[in-house]
Amino acid sequence: MNGSSLSGLRVIDASRVLAGPYCGQMLGDHGADVIKVEPPSGDETRTFGPPVNAGGAAYFQALNRNKRGVVLDLNREDAREVFWRMLDTADVLIENFKASTLASWGIADPAALCERFPRLIHCRITGFGDDGPLGGLPGYDAAVQAACGLMSVNGTADGPPLRLGVPMVDLSTGMQAAIAVLAALAERAKSGRGQLCDVALHDCALSIAHPHLANYLWTGKVPERSGNGHPNIAPYDAFDTATVPVYVAVGNERQFATLCAALGEPALARDPRFLCNVDRIAHRAELRAELERLLADRDGREVSDALMAAGVPVAPILNVAEAIATPHAAHRQMALTRGDYRGPGFPVKLSRTPASLRTLPPLPGEHSDDVLREAGYGSADIARLRDAGALGDPD
């Protein structure tokens, strides 16, 4: 697609599960030619359901649109030769292989791939990196949440640590990986050389532990769980109303004064206990009691609309079905539909070169023949590789 910002970029996405595929999909959404390489058993997220249809689980399909699909049994030397030939013309490789897997292929140092392919941007995603005390150990989102303190600050003060309800470590790692790829591509435009992008779930998890990690580094005080409340800002919390609960997110003194006036208690903003954020934090319980009183008899949606219109960030607490059904979500085109495909929309809107849904998530090996022909293999070569099992189990 000539109108896409990354058209002409070729990406080999040999990653599995979430962070790497999410990175590859973001690049594909903006026009890159992304080739997804799967083992004969497939990316395990094809089975992460229900819901599942002929194309695999919704989980898989939400991470793998705008990609072409190839199956290679990289345990076989002939399949690895195909893989290396694909890298000859690739700009980017995304992978999350075990270090031991690479070593079994004769690659002792992942950075060596950039020596073999000098213009290649090699984006390597791991749980903890390849070195250090935890280097090479496996890392999945929830385990890394636990190891990096995210669970310790999630939940109510009197309850147990809780896993975040969305896989924020994997998702943030995928985003960081995409940023790393784009940064390396920008540098390659000046130097002509690729480089290794070392992206670890561990590092990304610590980087998003905000503001808890920053608070601890400044004070030495271990952060505690605060439920829906914010450790540094008040009022920044959930409140019940006569209908749906609402979240009040006041970030400055003007918003607090507007909130109090809109709720019919302008004098509350002049109360010495609540004059500024530091005061409100010190008297959090008293402030909460006042706002609970003012909100208890109101309709949650109506008061949210009124406060938002006045410039105060307040929203009803919706479930996922309610959130995607709002007129604004429809206006922002945040649900994509094509045939049996259903998926989240594009979060980034570029004015001249917008993202687009060009191809649906591939079936296993759907584009193997096309990709191998582009790599220089003839029909007889492809048939030989297929018969030998390099492209998965022969039919």
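Buried means under 20% relative accessible area, exposed means over 50%, and partly exposed lies in between, with a 1.4 Å probe and protein chains only. This is a predicted model: local features need pLDDT of at least 70, side-chain atom pairs count only at pLDDT 80 or more, and totals for chains, interfaces and linings use all residues. Residues are numbered from 1 along each chain as its sequence is written, and side-chain values use heavy atoms, with hydrogens and water left out.

Start with the whole chain. Its C-alpha atoms fill a box of roughly 80 × 50 × 40 Å along the principal axes. The secondary structure comes to 17 helices and 13 strands. These are DSSP runs numbered from the N terminus: helices are H or I with at least four residues, strands are E with at least two. Of the 395 residues, 44% are buried. Contact means heavy atoms within 4.5 Å. Among contacts between residues at least 6 apart in sequence, 65% join residues at least 24 apart.

Now the surface. The protein chain exposes about 19800 Å², and carbon and sulfur atoms supply 56% of that. Accessible areas come from the Shrake-Rupley method with a 1.4 Å probe; for residues, only the protein chains shown count as cover. One nonpolar surface patch is formed by Leu-206, Leu-213, Tyr-216, Leu-217, Trp-218 and Val-222, with about 680 Å² of accessible area together. Patches take residues with over 30% relative accessible area and no salt bridge; like charges are joined within 9 Å, and nonpolar side chains (Val, Leu, Ile, Met, Phe, Trp, Tyr) within 5 Å. Helix H9 (residues 212-219) gives the most to this patch, with four residues. Val-222 sits in the loop between H9 and strand S9 (236-239). Val-222 is exposed, at a relative accessible area of 59%.

Turn to charge. The chain has 38 positive and 47 negative side chains, and the centres of the two sets lie 4 Å apart. Lys and Arg count as positive and Asp and Glu as negative, while His and the chain ends are not counted. Each charge is placed at NZ of Lys, CZ of Arg, CG of Asp or CD of Glu. Side chains of opposite charge can pair when their charged atoms come close. A salt bridge is a side-chain nitrogen of Lys or Arg within 4 Å of a carboxyl oxygen of Asp or Glu. By this rule the count is 24.

One of them joins Arg-76 and Asp-78, at 2.9 Å from N to O. Arg-76 is partly exposed at 28% relative accessibility, and Asp-78 is partly exposed at 22%.

Arg-273 forms a salt bridge with Glu-290, with the closest N and O atoms 3.9 Å apart. Arg-273 lies in the loop between helix H10 (253-262) and helix H11 (277-282), and Glu-290 in helix H12 (residues 284-295), so the pair ties together parts 17 residues apart in sequence. Arg-273 is partly exposed at 28%, whereas Glu-290 is buried at 18%.

Glu-290 also meets Arg-293 in a salt bridge of 2.7 Å, N to O. These two are three residues apart in helix H12, about one helical turn. Arg-293 is partly exposed, at 44%. Salt bridges that share partners join Glu-265, Asp-271, Arg-273, Glu-290 and Arg-293 into one network.

Finally, Arg-280 is in helix H11. Arg-280 is buried, with a relative accessible area of 1%. Leaving aside residues up to four places away in sequence, Arg-280 touches several residues, including Arg-273, Phe-274, Phe-256 and Leu-287.
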